[in-house]
Amino acid sequence: MKLLRATAAECAAMAQAHARAFEAKAWREDEFADLLEGEGIFGFLAEDETPLGVILCRVAAGEVEILTVGVTPAARRRGVALALMIAGLDQAREAGAAQAFLEVAVDNDGAIALYGLMGFAPTGLRKSYYDRGPDGFTDALVMRLDLNAAAA
Ligand SMILES: CC(C)(COP(=O)(O)OP(=O)(O)OC[C@H]1O[C@@H](n2cnc3c(N)ncnc32)[C@H](O)[C@@H]1OP(=O)(O)O)[C@@H](O)C(=O)NCCC(=O)NCCS
């Protein structure tokens with residue numbers, strides 16, 4: 001597996017990985033391209049022969065927000081998300097971020113386990129944050145990591 005710093009050239013592959021990871025909630029290629037032009041936004045693509053996973057982050061005012069991270073079902077539990085998160089947080093530190101934040105659905109046990117492993121801790125709850133269509137709304141857990149204290 002290799003990690004590529006995301007540029008316009010990676011957007012098609014990023015959208016492909018995101019579609020496999022998130023299915024209905026996936027972001028299109030042009031959405032990735034627009035986001036990457038945004039202030040403080042950067043990302044990485046994990047790939048071997050095919051796109052495996054993607055992360056997008058935004059640094060602002062000394063904080064980094066993980067905007068999205070996803071790995072294709074076939075590539076899961078091989079450390080791809082961990083590698084993407086470490087690359088994203090390293091880049092965020094270089095850009096001056098001291099804290100990291102993310103939101104995750106309260107029922108996303110796998111992602112919460114991954115973030116907990118990295119040292120993220122719950123810091124708040126956003127009620128009815130995710131629209132699950134016919135299944136109603138789901139709360140989001142806000143998780144935080146002190147980047148100066150983190151080993152990752
Ligand atoms: C959550 C997600 C990104 C994890 O990607 P991944 O590449 O499989 O994660 P990793 O292999 O790097 O996992 C590292 C560690 O995190 C924990 N972990 C990851 N997924 C887990 C799961 N489904 N259940 C329990 N623990 C899990 C484990 O400790 C794992 O180490 P191990 O495999 O040696 O036990 C992936 O399942 C995914 O894309 N899910 C759909 C999209 C999504 O929910 N994204 C997050 C939105 S906030």
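A residue is called buried when its relative accessible area is under 20%, exposed when that area is over 50%, and partly exposed in between, with a 1.4 Å probe and protein chains only. The model is predicted, so local features need pLDDT of at least 70 and side-chain atom pairs count only at pLDDT 80 or more, whereas totals for chains, interfaces and linings use all residues. Residues are numbered from 1 along each chain as its sequence is written, and side-chain values use heavy atoms, with hydrogens and water left out.

We can begin with the chain as a whole. It holds four helices and seven strands, where helices (H or I, at least four residues) and strands (E, at least two) are DSSP runs numbered from the N terminus. Read from the N terminus, these elements follow the order β-α-α-β-β-β-α-β-α-β-β. The C-alpha trace spans about 40 × 35 × 30 Å along its principal axes. For 152 residues a compact globule would have a radius of gyration near 15 Å, and the chain, at 15 Å, agrees with this; the radius is taken over C-alpha atoms, and the globule rule is 2.2 Å times the number of residues to the power 0.38.

Of the 152 residues in the chain, 41% are buried. The accessible surface, computed by the Shrake-Rupley method with a 1.4 Å probe (for residues, only the protein chains shown count as cover), comes to about 8000 Å², and 50% of it belongs to carbon and sulfur atoms. Contact here means heavy atoms within 4.5 Å, and among contacts between residues at least 6 apart in sequence, 57% join residues at least 24 apart. The chain carries 14 positive and 22 negative side chains, and the centres of the two sets lie 4 Å apart. In that count Lys and Arg are positive and Asp and Glu negative, while His and the chain ends are not counted; the place of a charge is NZ of Lys, CZ of Arg, CG of Asp or CD of Glu.

Which residues does M14 contact beyond its neighbours within four places in sequence? This residue of helix α1 (residues 11-22) counts as buried because its relative accessibility is 0%, and M14 is in contact with A6, F32, F44, L45, V54, I55 and L56. By contrast in sequence and space, M14 and R76 are separated by 62 residues and by 16 Å, C-alpha to C-alpha.

Helix α3 (residues 80-94) has 15 residues and reaches 21 Å from its first C-alpha to its last, close to the 21 Å expected at 1.5 Å a residue, the expected span being 1.5 Å times one less than the number of residues. Its buried residues are V80, A81, L84, M85, A87, G88, L89, Q91 and A92. After α3 comes G96, whose phi is positive, near 100 degrees.

Most residues other than glycine have a negative phi. A61, in the loop between β3 (51-60) and β4 (63-71), has a positive phi near 50 degrees, and A61 counts as exposed because its relative accessible area is 81%. In strand β4 lies E63, which is partly exposed at 34% relative accessibility. Leaving aside neighbours within four places in sequence, E63 is in contact with R58, A97, Q99 and F101, and the C-alpha atoms of E63 and R93, 30 residues apart in sequence, are 9.1 Å apart in space.

S128 lies in β6, where its phi is positive, near 50 degrees, and S128 counts as partly exposed because its relative accessibility is 43%. Y129 also belongs to β6 (residues 121-131) and is partly exposed, with a relative accessible area of 39%. Not counting residues up to four places away in sequence, Y129 touches E103, T138, D139 and A140; Y129 and A12, 117 residues apart in sequence, stand 28 Å apart, C-alpha to C-alpha.

Not counting residues up to four places away in sequence, T138 touches A105, V106, D107, S128, Y129, Y130 and R132.
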